[in-house]
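Take a look at the chain shown here. This briefing walks through its parts, topic by topic.

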Amino acid sequence: MNVIVIGAGVIGASAADALAGAGHAVHVLDMRGPGRGASQASAGVLAPFIEAHDGDPWLDLCVESLSLYDAFIEGLRVRSRRPVQYQRSGTFEVAVSPDDVARLNALRAWLAARGVTSEWFDGAAAKAFEPAISAAALGALNIPLHGFVSVPDLVGALTHAASLAGASFESPAEAVSVTSSNASVTVSIGSRSLSADAVVVATGSWSSRVKVNGAPAADIRPIRGQLLHLKWPEDQAMPQRVVWSPRCYTVPWTDGSLLVGATVEDVGFDERSTVSGVHDLMAAAGDVLPAVWRATLHEVRVGLRPAPVGGLPIIGPSPSSPRVILATGHYRNGVLMAPLTAKKVVEAVER
Ligand SMILES: Cc1cc2nc3c(=O)[nH]c(=O)nc-3n(C[C@H](O)[C@H](O)[C@H](O)COP(=O)(O)OP(=O)(O)OC[C@H]3O[C@@H](n4cnc5c(N)ncnc54)[C@H](O)[C@@H]3O)c2cc1C
């Protein structure tokens, strides 16, 4: 089939790669360029048991997607012939108050009931396990199943693998509307249009702006996130895994970079960084990793997380046409959800 994918963030890129790999003729449009929406700001943390808890409908989706990740990355490395930094080195969630200790011990019991391995470390043991954390930490919960992936590597490899499988990429190209008939579907891009057998709308926070005939605007709104990219001081032990605290999380990279995330701000489509955002993230990181005050500030990344007003991501055919497949609203978990979303998009296109 001929398929147009609108949006080349981590969701559109993974859909394009999966569709091209399945033998479809894929053309990808992006108004900015691959990976330059929310995905460029993402920390790449893969942590369903921190992001979602008991009874949250996100949980099963995120857990299922994480279970696909090893094969997803392995296949991608082979197909793209590119390295993708990916580690399943766990998360270390630090308790800084007695309430945190109680909450994390309840989480540990719940994980055990689900058959998920986790390990509690008391204060001194936590510091021995992860020497970079503050001596004031009361303890920490290690969940070894969790991990992280480099999102620039990931999006680069996905677009390269898709191209090797025959997909074409076009940017800047802003899709304005999508009109479907029984026989085909047409995408308007300024004064011209393109037709295909199916269209995938993977436009993240901008999804409500793409008009799909016969369907209400996608109920997605942008939630800004600021993330710091630091260079860790060379004479200090670098954290070995994702460290999570009540007010921030940090992700260590092999080149000595540390990402510190992230603010959560309801400010519309404003993608600017702010002094208060940097201040709050630095203060939060300094509480849990004191050596962070000696790091250098490399850059501030800003992205708009696509928050679904209905609470869950929208993945599947539009109510107006089976030829229009929606893949949006992944909010805080688009990187984690990429393998499962790509799989569901291919199923929807081939149905
Ligand atoms: C600070 C921060 C940290 C995060 N950390 C994590 C994390 O650790 N783990 C995790 O899983 N998730 C994380 N997220 C969330 C994750 O980044 C998003 O869920 C994910 O990037 C969404 O991907 P997407 O492809 O749907 O959207 P985007 O990456 O925003 O891509 C959408 C693309 O569509 C294009 N587009 C939009 N409209 C049009 C149009 N009309 N025509 C053509 N192109 C169009 C845009 O240019 C853009 O490239 C984080 C987000 C932020 C902001």
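The model is predicted. The domain assignment divides the chain into domain 1 (2-84 + 150-219 + 310-350) and domain 2 (90-147 + 221-308). A ligand lies between these domains, because both give residues to the shell around it.

**The two domains**

- The centres of domain 1 and domain 2, taken over C-alpha atoms, are 28 Å apart.
- Domain 1 puts 27 residues into the contact, and domain 2 puts in 26 residues.
- On the side of domain 1 that touches domain 2, the elements giving two or more residues are strand 3 (45-46) and helix 2 (48-51).
- That side of domain 1 has twelve nonpolar, twelve polar and three charged residues.

**Around the ligand**

- There are 43 residues around the ligand.
- Those that come nearest are Gly 9, Gly 37, Gly 204, Gly 225 and Gly 334.
- At least two residues of the shell come from each of helix 1, strand 15 (220-231) and strand 19 (296-308).
- Sorted by class, the shell holds 20 nonpolar, 17 polar and six charged residues.

**Helix 1 and helix 8**

- Helix 1 (residues 10-21) and helix 8 (residues 338-350) have axes that come within 8 Å. The axes cross at roughly 50°.
- This angle is why helix 1 counts as oblique to helix 8.
- The crossing of helix 1 past helix 8 is right-handed.
- Helix 1 makes the contact with Val 10, Ile 11, Ser 14, Ala 15, Asp 17, Ala 18 and Leu 19.
- Helix 8 meets them with Ala 338, Pro 339, Thr 341, Ala 342, Lys 343, Val 345, Val 346 and Val 349.
- This contact of helix 1 with helix 8 has eleven nonpolar residues, along with two polar and two charged ones.

**Helix 3 and helix 6**

- The axes of helix 3 and helix 6 (residues 151-164) come within 9 Å. They cross at roughly 55°.
- Helix 3 is therefore oblique to helix 6.
- This crossing is left-handed.
- From helix 3, the contact uses Leu 76, Arg 79 and Ser 80.
- From helix 6, it uses Ala 157, Leu 158, His 160, Ala 161 and Leu 164.
- The contact of helix 3 with helix 6 has five nonpolar residues, two polar and one charged.

- Most peptide bonds are trans, and most residues other than glycine have a negative phi.
- Ser 171 and Pro 172 are joined by a cis peptide bond, with omega about 0°.
- Pro 172 sits in the loop between strand 9 (168-170) and strand 10 (177-180).
- Gly 261 and Ala 262 are also joined by a cis peptide bond, with omega about -20°.
- Where is Ala 262? Ala 262 is in the loop between strand 18 (257-261) and helix 7 (275-288).
- Arg 81 is not a glycine, yet its phi is positive, at about 55°.
- Arg 81 belongs to the loop between helix 3 (58-80) and strand 4 (86-87).

Definitions and conventions: Residues numbered from 1 in each chain as written. Predicted model: local features only at pLDDT ≥ 70, side-chain atom pairs only at ≥ 80, totals over all residues. Axes fitted to C-alpha atoms, helices over the stretch in contact; angles between N-to-C directions. Helix = DSSP H or I, 4+ residues; strand = E, 2+ residues; numbered from the N terminus. Parallel < 35°, antiparallel > 145°, perpendicular 65-115°, else oblique. Left-handed = near helix turned anticlockwise from the far one by under 90°. Contact = placed C-beta atoms within 7 Å. Nonpolar A, V, L, I, M, F, W, Y, C, P; charged D, E, K, R; others polar. Near = placed C-beta within 6 Å. Domains from an automatic or database assignment.
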